[in-house]
Amino acid sequence: MKKIYGVLAGVLAMLAVASFASAADPLTINGAGATFPYPLYSKWFYEYSNANPGVRFNYQSIGSGGGIKQITAGTVNFGATDAPMTEEGMKKLPGAILHIPTALGAVVPVYNLDGVPAGLKFTPDVLAGIYLGKITRWNDPKIAELNKTVTMPNADIVVAHRSDGSGTTDIFTNYLTTVNTEWRAKVGRGPSVNWPVGIGGKGNEGVAGVVKQTPGAIGYVELAYAKQNKMKVGSLRNKEGLFVAPTLEATSAAAAGMAKSMPDDFRVSLVDAPGKESWPISGLTWILVYKDQKDEARGKAIVQFLKWAIRDGQKMEAALDYAALPKPVVEKVDVALKQISFKGKSLY
Amino acid sequence: MARKTGGNIKDLLFERATGAFAFLVLFLAVLLFAVLLRESIPALRKFGASFLVTGTWDPVLEKFGALPFIYGTLVSSFLAILIAVPLSVGAAIFINEFAPPWMKTPVSFLAELLAAIPSVIYGLWGIFVLVPVLRDVLMKPVTKYLGWIPLFKGPVYGPSMLAAGVLLSIMIIPFILSVSREVLATVPQRQKEAVLSLGGTRWEMLRIVIGQHCIPGIFGATILGLGRALGETMAVTMVIGNRPEAILSLFQPGYSMAAVIANEFTEAVGDVYLSSLVLIGLILFAMTLAVNLAAKWILTKMVARASRGI
């Protein structure tokens, strides 16, 4: 019997300690949204919480649409999205919101063709033609004339796309909508579209699976995913008429090319960006925060974190295959962060 | 069932509590239906009954129709049943009647183990093993020689209605197999011996006992499998090709109702879009309900006939 009392006392003591500790719990910042930057954000949250034990993050990677829904409803402290909010969506918000760019992503064409090396050249019209179902064979003269050094096989093109709604698809279709009038008229842009041809794969891994398993397949995935899985990526002719290979540098170059004309709210598309080195299918990913914070401590913590993210955080991007924000953009973001306030007082 | 006055209070409490649990299940089903119905009102308003027969799915223009998904769910599920039922029933007969004792336990154990594998694992296996094999070994040769038959029309990609059907059949085999075994085991030994003692062969014995005794049970097992096939999401979406088109050819990609909901729900923006996805969920709910009710009805008839026959 004595033993039991001893154990009970121990348990009670532990409970007491636990409840005491919970009184000094770190501040938890809740966020939800895009899946694309999730690996980067996880790393950031981990590193930042290590350096600042007073702050913890809880991020649910439920997709950009979900992130927008939750920040609109006010159930999270920040949202995250790969596509900027629409005017219509912003009207539903209870207050003004800021789009804070955190990283850059690129979408790249990948293919599976025996005997054809990586770096196959595509023009915007050829890529659109393939996805419209107008170019159906790999030895089509339109592809062959761009790639004179390669013998193009006489094989069917199997088109693969994402079946789940995703920011990747949004950037890709935004690009095709921007560069090709027929695509704009027939299909348009969005996280899911009515694809004229092709097979849908769920997630980057689904598209990669179809491409890897199907000879003659072409698909589009995030740059990081193509790199990590050593897939054959194509190069694409950009706005300046030069063929560029998708790299982190070429992605950052797209943002640098847009820096001058970047609006103050950062709701800008980077597809078909100017600049000789720019990769044309690039996009920003944003964290969404309300301009007027309701809770001073939380608001302050978010602002401090974002300040850190656009400085120290940027150094961690390349290792995880994200492209860092170019310097002019970082400076611009810094100005925007000063607008976040609590009862009119800046939290910067 | 008459309640004794002054009965045990514990009995009364127990009865009330279990009654409440039973009611809760019913309440949940009704609530589910009500919420699905409420959320699908914008889509119902906009499209009405034409939603069922429209083949377009365009999130950009907000034009939606469920036909390709209904078609894909039905075709892939029935294909799965078509493959799984003969296989499972055959295997059940073998394990119960012919297999040497040392084989029975491991074979049935392994078959039932198939039921414990998560569907995402089936899906991955489907992408990397099943689809390439089906494509190269079955679909390509068949479409080459029999491509003029609409069911086998090319071109062959790999992910297809056929791949979904085959994968689903593998997933539902353990259910049909184990229920079929139970059903076969209920046949009284004396009846089997009676047939054999009258000079019947084993085949005749099986035909008679199965025909007389087991058909309703096997039908029930089939419905159990069908129910699972209709709602399967992850594995199907990974191999079906996710193309919202109702095409007759089994070698062409298709789409299923559960798959489109899983794929597009998280990023669906706009009321009509979201509501259309919920409406697909409502149709799937109604379809599963209808299948089960029809099965119940047929089963009652069958049991009545079978008991008359013996």
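Mentor: On a 1 Å grid over the protein atoms alone, a pocket is an open set of points where a 1.4 Å probe fits, with protein on both sides within 12 Å along at least five of seven lines, and its lining residues have an atom within 4 Å of a point. This is a predicted model, in which local features need pLDDT of at least 70 and side-chain atom pairs count only at pLDDT 80 or more, while totals for chains, interfaces and linings use all residues. Residues are numbered from 1 along each chain as its sequence is written, chains are lettered from A in the order in which they are written, and side-chain values use heavy atoms, with hydrogens and water left out.

The largest pocket holds about 920 Å³, a volume being the space filled by probe spheres set on the grid points, which are joined across faces, edges and corners. Its lining has 30 residues, and those nearest the centre are A:Ile68, A:Thr86, B:Ala268, B:Val269 and B:Gly270. At least two lining residues come from each of α3 (64-73), α4 (87-91) and α7 (167-179) of chain A and from α11 (271-309) of chain B, where helices are DSSP runs of H or I with at least four residues, numbered from the N terminus. Among the contributors, α3(A) gives the largest share, five residues.

By residue class, the lining comprises eleven nonpolar, eleven polar and eight charged residues; here Ala, Val, Leu, Ile, Met, Phe, Trp, Tyr, Cys and Pro count as nonpolar, Asp, Glu, Lys and Arg as charged, and the others, Gly among them, as polar. For reference, the second largest pocket has a volume of about 520 Å³.
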